[in-house]
Amino acid sequence: MNANETPRMPRCPICDATAQVIGQKSLFSKITCDVLRCDECLHEFAILLAAVNNASRMIDALAKETYSTVDYFELDKLHQGMNSILIDESYDPWIKARYNKLSESILSTYPSATKLRIAEVGCLEGAFVHYLQSQGHSVIGFDVNRAVVEGSRRINNINLNYLDAEFEHLPKDSYDIVLSYHTLEHVRHLDFVLENMRQSLCANGHLLIEVPSSPSEAYNPDHFHNFSEQSLGKLVGKYFDAVTITEDSYETITKIECRSLICVARKAGPTAP
């Protein structure tokens with residue numbers, strides 16, 4: 001590129017359309033990056049536009065450092081009123097709300113009393129895994145935070161496992177349902193993750209994803225992505241059928257309303273001869 005040539009702007013990581021800079025933020029509160037919005041699907045994403053040596057490696061290291069401590073768990077749960085890995089009654093309202101939505105969207109499509117194979121990806125302490133197990137399902141949780149996984153496994157006796165940041169080692173064709181709550185916004189390489197989630201489902205298995213969608217989430221220092229309804233639908237639609245998206249919201253203990261998007265989809269079964 002010569003001195004008079006304009007650098008090519010990054011494309012949207014979901015639909016490959018052009019994107020415009022809308023601001024800046026301090027990623028992981030340590031490195032300044034640009035925030036861009038896609039011109040087509042309105043996806044917002046963080047990226048380093050300035051030339052920085054070993055930028056990708058540096059960002060991966062910061063992410064691993066951020067998500068590997070109990071401190072991160074405590075900050076993440078603070079706004080929901082939980083402050084301990086020990087699963088107690090403080091988790092009950094949150095678990096009930098989550099279960100009701102799962103039941104309405106997916107569990108109700110199965111015959112009553114069906115025992116399902118369920119995986120939750122990005123489960124942190126595994127409170128929802130614990131509850132689903134109590135309902136008779138075969139459930140396993142995965143998370144990148146090794147300290148929290150090991151602590152909760154010891155304290156709560158839950159089936160939790162450490163998993164790499166892109167879910168590379170999810171077992172294939174193993175689950176009826178894969179759940180992922182407030183996790184995709186933390187993931188750099190979305191297509192790789194969605195493909196791994198798809199492969200982990202059995203034929204006709206279901207996916208449920210929830211992501212935050214408040215406008216301020218684009219500037220959350222721990223998030224790479226802020227999804228719009230269009231961008232989430234396009235992403236999931238690359239890998240799954242029967243994609244539906246609904247808007248939702250919840251209130252923090254300080255009475256702040258947080259908006260989210262809930263996406264439900266299905267992995268296609270084998271084609272009949």
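1. In this predicted model, S152 sits in helix α5, which spans residues 146–156. S152 counts as buried because its relative accessibility is 0%, the cut-off being under 20%. Neighbours within four places in sequence aside, the contacts of S152 are I85, E125, N157, I158 and L160.

2. The sheet is open and has seven strands, in the order β6-β5-β4-β7-β8-β11-β10, with mixed pairing. On average, neighbouring strands are turned by 20° against each other, direction ignored.

3. Within the sheet, β4 and β7 run parallel and are joined by three bridges. E120 stands opposite L179 of β7.

4. Two helices that pack on the sheet deserve a mention. Helix α3 (residues 92–105) touches β4, β7, β8, β10 and β11, and its direction makes about 135° with that of β7. Helix α7 touches β8, β10 and β11; the angle between its direction and that of β10 is about 140°.

5. The largest nonpolar core comprises 34 residues, and L184, L194, L207, I209 and V236 have the most contacts inside it. At least two residues of this core come from each of β4 (117–121), β5 (138–143), β7 (175–181), α6 (190–200), β8 (201–212), α7 (229–237) and β11 (257–266). Another core lies apart from it, with 30 residues that include I85, W94, L116 and A127.

6. As for L194, its contacts beyond four places in sequence are L184, L207, I209, L235, V236, Y239 and F240. Nonpolar side chains tend to be buried together in soluble globular proteins.

Key: Residues numbered from 1 in each chain as written. Predicted model: local features only at pLDDT ≥ 70, side-chain atom pairs only at ≥ 80, totals over all residues. Heavy atoms only, no water. Helix = DSSP H or I, 4+ residues; strand = E, 2+ residues; numbered from the N terminus. Buried < 20%, exposed > 50% of the residue type's maximum accessible area, 1.4 Å probe, protein only. Contact = heavy atoms within 4.5 Å. Core = buried A, V, L, I, M, F, W, Y, C linked by side-chain atoms within 4.5 Å. Pairing = 2+ DSSP bridges. Axes fitted to C-alpha atoms, helices over the stretch in contact; angles between N-to-C directions.
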